[in-house]
Amino acid sequence: MRRRLSIAANLLAAALALSAWFSMTFSFGPHGALSAPGLGALKYFTVLSNLFQAVTSIAWVVMLVRQSRGRIPGPSRRLCRLKYAAAVAVGLTFFTVLLFLGPLYGYESMYDHANLWFHLVVPLLAMVDFALLDRAATVPLGDFRFAMLPMLAYAVYYIGNLLVNGVGKGANTNDWYGFAKAGLRGAILAFVIILTGNAILALLLRLPRRPKREKR
């Protein structure tokens with residue numbers, strides 16, 4: 001039963017993330033705050049993390065189907081790490097919107113049109129599947145570092161872009177999240193806080209999946 005629910009959750013997450021991105025890319029209607037048409041949407045961690053989740057979900061469904069047919073014993077270590085990292089990445093999007101961007105820009109805009117799937121539904125599907133439905137493998141503490149990589153890489157890109165190209169103004173700003181309103185130090189501080197939140201979320205999500213020896 002869990003396997004079927006996991007397949008359904010991953011298929012739905014992938015379909016919603018890809019359709020929302022397709023709709024945003026080709027500007028099929030409004031999409032709420034912090035969105036952009038074309039490939040410009042790829043500057044947002046929300047979009048990148050949801051696409052990461054979509055690709056991982058598809059790979060996971062393929063693995064589960066092959067496992068059910070006896071073709072493979074289970075998921076590879078690499079795929080398990082990717083699934084962990086993807087769940088944490090979209091989970092971070094969920095909590096960042098809930099605790100920071102929602103109060104800043106308004107929840108109506110944050111959960112409007114494509115943002116509803118990016119900020120709420122896909123992250124919830126991913127976290128519920130990872131923490132409650134998926135029991136294909138345990139998640140050792142050593143995999144924690146892989147769950148930190150997506151946000152860490154994005155932080156390096158975001159701050160590096162500010163250093164190289166400057167903050168900019170209006171539609172051409174390189175500070176689309178507004179982290180550098182108080183200067184570059186403010187942006188660095190913002191990412192330190194976000195990375196700390198990412199670490200806490202990564203540790204919490206793996207609790208139901210930790211090896212039995214850690215539970216003793």
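Tutor: R206 counts as buried, at 4% relative accessibility; buried is under 20% relative accessible area, exposed is over 50%, and partly exposed lies in between, with a 1.4 Å probe and protein chains only. The model is predicted, and local features need pLDDT of at least 70, side-chain atom pairs count only at pLDDT 80 or more, while totals for chains, interfaces and linings use all residues. Residues are numbered from 1 along each chain as its sequence is written, and side-chain values use heavy atoms, with hydrogens and water left out.

R206 sits in the loop between α7 and α8 (212–215); helices (H or I, at least four residues) and strands (E, at least two) are DSSP runs numbered from the N terminus. From C-alpha to C-alpha, R206 is 8.5 Å from F144, although 62 residues separate the two in sequence.

Now the core itself. The largest nonpolar core holds 43 residues, and M151, Y154, Y158, Y177, F179, F191 and L205 have the most contacts inside it. Such a core is a set of buried Ala, Val, Leu, Ile, Met, Phe, Trp, Tyr and Cys residues joined through side-chain atoms within 4.5 Å. Two or more residues come from each of α1 (2–25), α2 (45–68), α3 (77–105), α5 (114–133), α6 (144–165) and α7 (184–205). The largest share, nine residues, is that of α7. In soluble globular proteins, nonpolar side chains tend to be buried together.

Apart from neighbours within four places in sequence, Y158 is in contact (heavy atoms within 4.5 Å) with N174, D175, W176, Y177, G178, F179 and F191. Both Y158 and F179 are buried.

The aromatic rings come next. The whole structure has 16 aromatic pairs; rings of Phe, Tyr and Trp (its six-membered ring) pair if their centres lie within 6.5 Å, and planes under 30 degrees apart count as stacked, over 60 as edge-to-face and the rest as tilted. Y154 and Y157 form a tilted pair, because their planes are at 55 degrees, with the centres 5.9 Å apart. These two are three residues apart in helix α6, so about one helical turn separates them. Y154 is buried at a relative accessible area of 5%, whereas Y157 is partly exposed at 41%. Y158 and F179 are also a tilted pair, 5.8 Å centre to centre and with 50 degrees between the planes. That pair links distant parts of the chain, as Y158 is in helix α6 and F179, 21 residues apart from it, is in the loop between α6 and α7. One aromatic cluster takes in Y44, F45, F100, Y154, Y157, Y158, W176, Y177, F179 and F191.

There is also a polar side chain to report. S6, in helix α1, is buried, with a relative accessible area of 2%. Its side chain makes a polar contact of 2.6 Å with the side chain of D129; a polar contact is a pair of N or O atoms within 3.5 Å, where within protein one must be able to donate a hydrogen and the other to accept it, and residues adjacent in sequence count only if both atoms are side-chain atoms. Neighbours within four places aside, S6 is in contact with W60, L64, D129 and L133.
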